[in-house]
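Here is a briefing on side-chain packing, aromatic pairs and charge contacts. Please view the model first.

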Amino acid sequence: MILRKIPPSLLFICLCSFYPGTSIFYKNFSSNWDTYDFGNITTGDKVSCTLCITNTSNAPIIINNIIPSCKCLTLNKQSGYINPGGKLKIKIHFDSTGKALGEEHQNVIVCFSDESYYSFELKVFINAKTGSCAKPCVE
């Protein structure tokens with residue numbers, strides 16, 4: 001069985017990462033959002049937002065990895081270091097090219113040096129371009 005080959009801790013992270021605000025053991029930071037809604041866009045549009053993480057602890061925070069859940073997301077950072085009281089800004093770009101019409105949910109998972117993580121959710125509703133058909137046109 002394939003699940004037996006996956007370490008339990010990785011399986012837990014994978015399963016929990018689908019829920020915004022999911023965390024394992026770590027919350028010595030604040031952020032400007034847990035769930036970001038891009039609203040309605042048209043297929044092919046590219047939109048961006050900024051995730052700002054603030055260190056609210058008295059010790060430095062080391063971010064080992066920042067993982068997008070889809071190739072449709074690109075990030076300007078893959079890791080970072082935040083001094084106490086400092087901020088790390090992560091620019092997130094979403095490209096709707098080739099995505100299905102309707103509601104779309106993606107995640108950005110921030111992995112900390114102590115092996116904890118936090119999952120941030122992105123939402124968007126993708127509409128068809130004006131004058132185009134979402135399904136093949138029937139005459």
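Tyrosine 36 has a relative accessibility of 28%, so it counts as partly exposed (buried is under 20% relative accessible area, exposed over 50%, partly exposed in between, with a 1.4 Å probe and protein chains only). Phenylalanine 38 is buried, at 15% relative accessible area. This is a predicted model, in which local features need pLDDT of at least 70 and side-chain atom pairs count only at pLDDT 80 or more, while totals for chains, interfaces and linings use all residues. Residues are numbered from 1 along each chain as its sequence is written, and side-chain values use heavy atoms, leaving out hydrogens and water.

**Aromatic pairs**

- Eight aromatic pairs are counted (ring centres of Phe, Tyr and Trp, the last by its six-membered ring, within 6.5 Å; planes under 30 degrees apart are stacked, over 60 edge-to-face, the rest tilted).
- Phenylalanine 29 and phenylalanine 120 have ring centres 6.4 Å apart and planes at 55°, so this pair is tilted.
- That pair joins distant parts of the chain: phenylalanine 29 lies in strand 1 (residues 29-31) and phenylalanine 120 in strand 9, 91 residues apart (strands are DSSP runs of E, at least two residues, numbered from the N terminus).
- Phenylalanine 29 and phenylalanine 120 are both buried.
- Tyrosine 36 and phenylalanine 38 pair edge-to-face, with 5.1 Å between centres and 70° between planes.
- One aromatic cluster takes in Phe29, Trp33, Tyr36, Phe38, Phe94, Phe112, Tyr118 and Phe120.

**Nonpolar core**

- The largest nonpolar core holds 28 residues (buried Ala, Val, Leu, Ile, Met, Phe, Trp, Tyr and Cys joined through side-chain atoms within 4.5 Å).
- Strand 2 (35-42), strand 3 (46-55), strand 4 (61-68), strand 5 (73-75), strand 7 (87-95), strand 8 (102-112) and strand 9 (117-127) each supply at least two residues of this core.
- Strand 9 gives the largest share, five residues.
- The residues with the most contacts inside this core are Ile53, Ile63, Ile90, Ile92, Phe94, Phe120 and Leu122.
- Beyond its neighbours within four places in sequence, phenylalanine 120 is in contact (heavy atoms within 4.5 Å) with residues including Phe29, Trp33, Leu51, Ile53, Val108 and Val110.
- Its partners also include Ser31, Asp34, Gln106 and Asn107.

**Salt bridge**

- The whole structure has one salt bridge (a side-chain nitrogen of Lys or Arg within 4 Å of a carboxyl oxygen of Asp or Glu).
- Glutamate 104 and lysine 99 form this bridge, at 3.2 Å from N to O.
- Glutamate 104 is buried, at 12% relative accessible area.
- Lysine 99 is partly exposed, at 21%.

Notes. Helices (H or I, at least four residues) and strands (E, at least two) are DSSP runs, numbered from the N terminus.
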